[in-house]
There are 2 protein chains.
Amino acid sequence: MEMEKELFEELTALAANKEYRALKEKLSELNKADAAEFLESLPPKQLPVVFRTLHKEFAAELFSYLAQETQEQLITAITDKEASAIIDELYVDDAVDVLEELPANVVKKLLQHTSPETRRLINQFLNYPESSAGSIMTAEFVHLKKEMTVNQAFERIRQVGLDSETVYTCYVTDANRRLEGVITVRRLFLADLDTLIGDIMDDDVIFVHTYDDREEAARIIGRYDFLSLPVVDQENRLVGIITIDDVMDVIQEENTEDFERMAAMLPSQRPYLKTGVWELAKNRILWLLVLMISAMITGSVLGHYQNLIQFMPILVTFIPMLTGTGGNAGSQSATMVIRGMALDEIEGKDMGRVFWKELRVSLLVGTALALVNCIRLMITYPGEPMVYIIVSVSLVLTVALAKTIGGVLPIVAKLCKADPAIMASPLITTIVDAVSLIVYFSISLKILGV
Amino acid sequence: MEMEKELFEELTALAANKEYRALKEKLSELNKADAAEFLESLPPKQLPVVFRTLHKEFAAELFSYLAQETQEQLITAITDKEASAIIDELYVDDAVDVLEELPANVVKKLLQHTSPETRRLINQFLNYPESSAGSIMTAEFVHLKKEMTVNQAFERIRQVGLDSETVYTCYVTDANRRLEGVITVRRLFLADLDTLIGDIMDDDVIFVHTYDDREEAARIIGRYDFLSLPVVDQENRLVGIITIDDVMDVIQEENTEDFERMAAMLPSQRPYLKTGVWELAKNRILWLLVLMISAMITGSVLGHYQNLIQFMPILVTFIPMLTGTGGNAGSQSATMVIRGMALDEIEGKDMGRVFWKELRVSLLVGTALALVNCIRLMITYPGEPMVYIIVSVSLVLTVALAKTIGGVLPIVAKLCKADPAIMASPLITTIVDAVSLIVYFSISLKILGV
């Protein structure tokens, strides 16, 4: 909660007493994000009533700050015409975000009432794949021409500024809407008023295509510290821009997806508390099944060595420690490598370096762990040197295997064009479980000479 | 690699032939991020030579795009005076980032040659804690006064624009440097030239304090879609601003830290490939030790039920499947809740809702898994109804316990003011391992009536 508590309570009291006029005044003075937060707190029945009292432009801007569920709720509660007016006022990218979640027949009805230009744009935008640059771009930006003077450019910014998502970076296009240059308002400030835009614009423009991955757009904006990035179509015509605030949302969404994939879940579309039980279950069961079936292999390894276990039952008690440590060691390495690849710090060609680094780290870590464990064994099981040797050697080998497997498999996944994030803890743990048991029992057999 | 390959090879050839003049020309035409990338590829001996040929301002801007290691290497290779000149040209926040990593005596020497103003600012900035808003703010921004006209404001932006990190949001302060208002250049464009700033500025300014957490600053910028956020000191004097591009770096760093913590590692300061083996080992061993010792508890559970295992050895083969599935189920829930809290979607007061949701999801998922497993058991171990019942009931109970523990523990950690991220897979898995074995053996004893 960003707002002060008293203010929030004052608003709530006004709503409760149905003093809508006073409420409207108060809300209009607020920042849109805060006003949206207050609307979210209203009872579902009152929400459209209060929303309708707001000034049209304020309402539309506030609308894009509401949670998706609230947006859907509102759109269905007000008339189609009112809803269309909001869609018309929204920036195209925000409008598309709302429409994408509504049933097709509702979308069709809503688009009937919007302006032809909005309709055309929205239909075009709705066709871009979900993770494409096109899907997050906006069509409202400042176009300039090479022949304009700086003064004319300022004039143009004044005219269209209010309807553009950003005015601080302007794009220069030719008669065929092909991108020719880019100029920032900061650069305009430093130039004489009668300088030609063509003479001071930067003609080495960095751009993305509509079908490029939105992550690529995010990466470029981050790399060059841009406030916005132009998006061109197949014919290199400028069709939209991506702004830095949308990129921040993309980064968080992509990070959330990675967290989910790395914990063996399918990515979810909505925040946890707003996701239904069935959907949560659906997103989780697939990987749990795959991993459960894989774990049966580990079970059969145990079954295979049943005679050995009967011969020396104490061996069983060290299994959780060995497989657990192996799993944790492996997932440490996998996580670092997956994250490094997501941040473009590690590439396919680094596989050898990663392997060598993990091998050295694992020998250090494994030896330290084995020493601590050995001391503990000497205290708990005095006079059992065979056990000390079996467990210590197994521990060092398990950690070494776990860390090299954990470091290398995500890179292998990437080289096979799969998402490295699936090679995270759960899968690595399952693989390492089986491997470490085989190591453990083989060493036991060898040392015990059974 | 962003640059075209041919261009890169051309630059490399120029460097190899020591044609520094031509190289300088080519580099000056490049974007700083690209030029920095090329410099990174030079042999360490040639790097300072090429760097010295560059124009001072270009060199300083490019400098902030270099990797930290390269920056340190350069600073020590050039003379103190040259280095001080770069420090002088850098934005204070970038300068501080560089200086923080250098030995104290080098910093002292470098600061002797910088301007007194830079020195004062840098010393002040170096004192902010690493994760504070103060540590990521910059001191270069546009101040305005209430009494100025829009025209005077534009004049001022033209004067100081080149040295400010952003000009698009200007801050209005009183004679004591107290923050009075904020105005965007976009708003200035829409006003008449003789309007007073005091009449059109937004006086309801949202700001942070120097000692607030930098994550809080990032959250506010994301929430309100700001391009920059003002930072005030204890006396509410404006001391700096935080820009959105720095916030993007903060978000990625915080996400990386969460990934590392959630995989039971201490956060590392540098990219994976640039971190030494000893440091990697140091960051990983602590948690591995803690978890290894915890896993011994699970081992002693197994030891406790040794007689039961002797009585029915087949029970052992289902252990990996049970503990593995429990661990995975628990880490799915923990991950979603930890991520939800990082994004402020889940708060302490939602504990009950999370518990109830996880309980229902786990019963759905657990039952489905148990069914699949039961069919498999009927095939592999025909005519063993006791085994089917024991394993199925244990599986459902394990998944239910794992998911509720996994969902609730991160919230408990947060309520205890600890980082929820430590309650991720490794710790949850270790806890669930022990719990699921106790459940499994208790059920076995009960059903077998031993």
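A crossing of two helices is termed left-handed if the near helix is turned anticlockwise from the far one by less than a right angle. In the predicted model described here, this term applies to a pair of helices in chain B, where α15(B) passes α16(B) in a left-handed crossing. The contact between them is made by B:R214, B:E215, B:A218 and B:I221 on the side of α15(B), and by B:I244, B:V247, B:V250, B:I251, B:E253, B:E254 and B:E257 on the side of α16(B). Sorted by class, the residues of this contact comprise six nonpolar and five charged ones, with no polar residue among them.

Two packed helices are described by the angle between their axes and the distance between the axes. For helix α15 (residues 214-224) and helix α16 (residues 244-262) of chain B, the angle is about 120 degrees and the axes lie 9 Å apart. Because the range counted as roughly perpendicular runs from 65 to 115 degrees and only angles over 145 count as roughly antiparallel, the arrangement of α15(B) relative to α16(B) is classed as oblique.

With a relative accessible area of 14%, A:Q46 is buried, since the cut-off for burial is under 20%. When neighbours within four places in sequence are left aside, the residues in contact with A:Q46 are A:A15, A:A16 and A:Y20.

Burial was also considered at the level of a whole helix. Helix α3 (residues 32-41) of chain B is mostly covered, seven of its 10 residues being buried. The buried residues of α3(B) are B:A33, B:D34, B:A35, B:A36, B:E37, B:F38 and B:L39. The elements that cover them include, from chain B, α1 (5-16), α2 (20-29), α4 (46-53) and α5 (56-63), together with α15 (214-224) of chain A.

In chain A, A:N236 has a positive phi of about 65 degrees although A:N236 is not a glycine, and its place is in the loop between β5 (228-232) and β6 (238-243). The relative accessibility of A:N236 is 36%, so this residue counts as partly exposed. In chain B, a positive phi of about 65 degrees is found at B:R177, likewise not a glycine, in the loop between β2 (169-173) and β3 (179-184). B:R177, with a relative accessible area of 39%, is partly exposed.

Cysteine residues were considered last. A disulfide requires a pair of cysteine sulfur atoms within 2.5 Å, and by this rule the count over all chains comes to zero.

Definitions and conventions
Residues are numbered from 1 along each chain as its sequence is written. Chains are lettered from A and ligands numbered from 1 in the order in which they are written. This is a predicted model: local features need pLDDT of at least 70, side-chain atom pairs count only at pLDDT 80 or more; totals for chains, interfaces and linings use all residues. Side-chain values use heavy atoms; hydrogens and water are left out. Axes are lines fitted to C-alpha atoms, for helices over the stretch in contact, and angles run from 0 to 180 degrees between N-to-C directions. Helices (H or I, at least four residues) and strands (E, at least two) are DSSP runs, numbered from the N terminus. Angles under 35 degrees count as roughly parallel, over 145 as roughly antiparallel, 65 to 115 as roughly perpendicular and the rest as oblique. Contact means heavy atoms within 4.5 Å. Ala, Val, Leu, Ile, Met, Phe, Trp, Tyr, Cys and Pro count as nonpolar, Asp, Glu, Lys and Arg as charged, and the others, Gly among them, as polar. Buried means under 20% relative accessible area, exposed over 50%, partly exposed in between (1.4 Å probe, protein chains only).
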